Amino acid sequence: MTLLELDHVDFRYPDGGIGLAGCSLTIESGSRNALIGANGSGKTTLFQHCNGLLRPQSGLVRYAGKPLDYSRGGLRELRSRVGLVFQNPDHQLFSASVAEDVSFGPVNLGLDQHTVRQRVAAALAAVNMAGHADKAVHNLSFGQKKRVCIAGVLAMEPELLVLDEPMAGLDQRMRSELLAVLDGLHARGITLLLATHDIDFAYRWGERIHLIDAGACTASLAAADLANADDALSALGLPLPTVVEVHRRLCAQGLLPSRPIPRSHGELLEMLARPEPKNHGEGSQVLAQRHMEKIVIPAQAGIQSTALDSGSSPE
């Protein structure tokens, strides 16, 4: 089922800058989506249309098949169903304590105190911040602030969670923690749409990949198809995922079969560990492992930090 749809949306800023130009995008219920584009490509502008912070100057935004209602009541209803998490948590957190901040949305929905407390507790538990409810927001780490922002949105019990560069500014441990949170939310049925510059992470994590350039979505495809999207990526100045490049080089030397195409570093290593096909020469498995060391090890930090197998400026 289509949950969110942008239909040929145009938006210009007061200074004449183009935010969106005939942008069309479809997000299916229950899916994991990665939006990829350079700074200034329109990612943040698109996201602000998703929950009505910005309104199209032409075109339509539909949610659950209906055009958005921009009345006060309509926007309140929309924002209880579509949660937006900004790139910089300091732009979203404004209360003194964690619990106060997370409770802001439910309180403004007019919910009773008991329901508000239940929602706050559940939201903090979902992001592994239950023990921080009484802490001052300004004493939290950057990664903890991001998780509190997500909790504040979750307390509204949204169907769609939109995250603008959620991994930006996080170290490896914090990235892993946040990724686990996102995977847990998706397992609960929440649809996810996030912006990223990280092609390796998007390829491994996403189910659908959407490319954006100059305010328009230039391609939407299944994540697995990104391995063959050389032209679409090149047009945006983006590389193929690293694991695809490595796999191609190993295939070209007859060290691995061309199918399946791995989606992660771990999947590639699993392919190397499988019994050697008869059509591969004697010792090809050893040669492939040595070739992997030459190709992967120099870039290993980059691959592992962006495409974990366990698992940025606004435009």
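Helix α3 (residues 98-108) packs against helix α4 (residues 113-126) at an angle of about 125°, and their axes lie 9 Å apart. That angle makes α3 oblique to α4. Angles under 35 degrees count as roughly parallel, over 145 as roughly antiparallel, 65 to 115 as roughly perpendicular and the rest as oblique. The crossing of α3 and α4 is right-handed; a crossing is right-handed if the near helix is turned clockwise from the far one by less than a right angle, and left-handed if anticlockwise. On the α3 side, the contact is made by Val98, Ala99, Val102, Ser103, Pro106 and Val107. Helix α4 contributes Val116, Arg119, Val120, Ala123 and Leu124. Contact here means heavy atoms within 4.5 Å. The residues of this contact divide into nine nonpolar, one polar and one charged. Ala, Val, Leu, Ile, Met, Phe, Trp, Tyr, Cys and Pro count as nonpolar, Asp, Glu, Lys and Arg as charged, and the others, Gly among them, as polar.

The model is predicted: local features need pLDDT of at least 70, side-chain atom pairs count only at pLDDT 80 or more, and totals for chains, interfaces and linings use all residues. Residues are numbered from 1 along each chain as its sequence is written, and side-chain values use heavy atoms, with hydrogens and water left out. Helices (H or I, at least four residues) and strands (E, at least two) are DSSP runs, numbered from the N terminus. Axes are lines fitted to C-alpha atoms, for helices over the stretch in contact, and angles run from 0 to 180 degrees between N-to-C directions.

The loop between α3 and α4 holds Leu109. At 24% relative accessibility, Leu109 counts as partly exposed. Buried means under 20% relative accessible area, exposed over 50%, and partly exposed in between (1.4 Å probe, protein chains only). Leaving aside neighbours within four places in sequence, Leu109 is in contact with Arg76, Ser80, Arg119 and Met156. Met156 is 47 residues from Leu109 in sequence, yet the two C-alpha atoms are 8.4 Å apart in space.

Two sheets are described in turn. Four strands form an open sheet with antiparallel pairing, in the order β2-β1-β4-β5. Two strands pair if DSSP finds at least two bridges between them. At the edges stand β2 (18-28) and β5 (66-67); each has a single partner strand, so one side of each is left without a neighbour in the sheet. Strands β1 (residues 2-12) and β4 (residues 58-63) run antiparallel and are joined by five bridges. Leu6 stands opposite Val61 in β4. Helix α1 (residues 43-50) lies across β1, β2 and β4, and runs at about 60° to β2.

Six strands form a further open sheet, in the order β6-β7-β8-β3-β9-β10, with mixed pairing. Its edge strands, β6 (82-85) and β10 (216-222), each pair on one side only. The twist averages 15° from one strand to the next. Strand β9 is joined to β10 by six bridges, and the two run antiparallel. Ile209 has Leu221 as its bridge partner in β10. Helix α2 (residues 72-81) packs on the sheet and touches β6 and β7 (160-163); its direction makes about 70° with that of β6. Helix α6 (residues 172-187) also packs on the sheet, touching β3, β7 and β8; its direction makes about 150° with that of β8.

Strand β3 (residues 32-36) is mostly covered, with five of its five residues buried. In a regular strand the side chains alternate between the two faces of the sheet. Both faces of β3 are covered: Arg32, Ala34 and Ile36 are buried on one side, Asn33 and Leu35 on the other. Five bridges join β3 to β8 (residues 191-196) in parallel. The partner of Ile36 in β8 is Thr196. Strand β3 also pairs with β9 (residues 208-213), again parallel, over four bridges. There, Asn33 stands opposite Arg208.

In α2, Gly74, Leu75, Leu78 and Ser80 are buried. Their cover includes α1, β4 and β6. In α6 lies His186, which counts as buried at 16% relative accessibility. Not counting residues up to four places away in sequence, His186 touches Gly30, Ser31, Arg32, Leu192 and Glu207.
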